[in-house]
Amino acid sequence: EMNSKHAYDMLVQDLTAQIDQATQDREEKSEIKAKKLQAKADAQGDLTDTTTTKEADEQYLADLTATCEQKASDFESRQQLRAEEI
């Protein structure tokens with residue numbers, strides 16, 4: 001009878017330890033998942049900011065290129081006009 005009680009106590013102790021370990025594992029996985037979700041949200045925000053900045057930069061470049069081409073064309077016209085005056 002002592003052996004069965006001891007075996008029962010060992011079984012209870014083993015099952016309790018397994019439950020505690022499983023609970024700890026679940027909590028750790030939940031924390032990791034929360035951190036990964038936060039990192040994903042941060043990365044998504046950074047991507048949005050970067051995309052917006054890139055689009056603005058591309059528009060600025062297009063405007064600047066158009067302005068430079070217009071000024072170059074105006075300069076050529078003035079140079080040609082001056083050459084004709086002489």
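Reader: How many residues apart are K5 and D9 in helix 1?

Author: Helices are DSSP runs of H or I with at least four residues, strands are runs of E with at least two, and both are numbered from the N terminus. K5 and D9 are 4 residues apart in helix 1, so about one helical turn separates them. This is a predicted model, in which local features need pLDDT of at least 70 and side-chain atom pairs count only at pLDDT 80 or more, while totals for chains, interfaces and linings use all residues. Residues are numbered from 1 along each chain as its sequence is written, and side-chain values use heavy atoms, with hydrogens and water left out.

Reader: What do the side chains of K5 and D9 form?

Author: Side chains of opposite charge can pair when their charged atoms come close. A salt bridge requires a side-chain nitrogen of Lys or Arg within 4 Å of a carboxyl oxygen of Asp or Glu. K5 and D9 are joined by such a salt bridge, at 3.6 Å from N to O.

Reader: How many salt bridges does the structure hold?

Author: The structure holds 2 salt bridges. Besides the pair already described, K54 and E58 form a salt bridge, with their closest N and O atoms 2.7 Å apart. Both residues lie in helix 1, 4 residues apart, about one turn of the helix.

Reader: Is E58 buried, partly exposed or exposed?

Author: Buried means under 20% relative accessible area, exposed means over 50%, and partly exposed lies in between (1.4 Å probe, protein chains only). E58 counts as partly exposed because its relative accessibility is 43%. D9, at 35%, is also partly exposed. Buried residues make up 0% of the 86 residues in the protein.

Reader: How many helices and strands does the secondary structure comprise?

Author: The protein has 1 helix and 0 strands. Its radius of gyration, taken over C-alpha atoms (globule rule: 2.2 Å times the number of residues to the power 0.38), is 37 Å, well over the 12 Å that the rule gives for 86 residues, so the protein is more spread out than a compact globule. Along the principal axes, the C-alpha atoms fill a box of roughly 125 × 10 × 5 Å.
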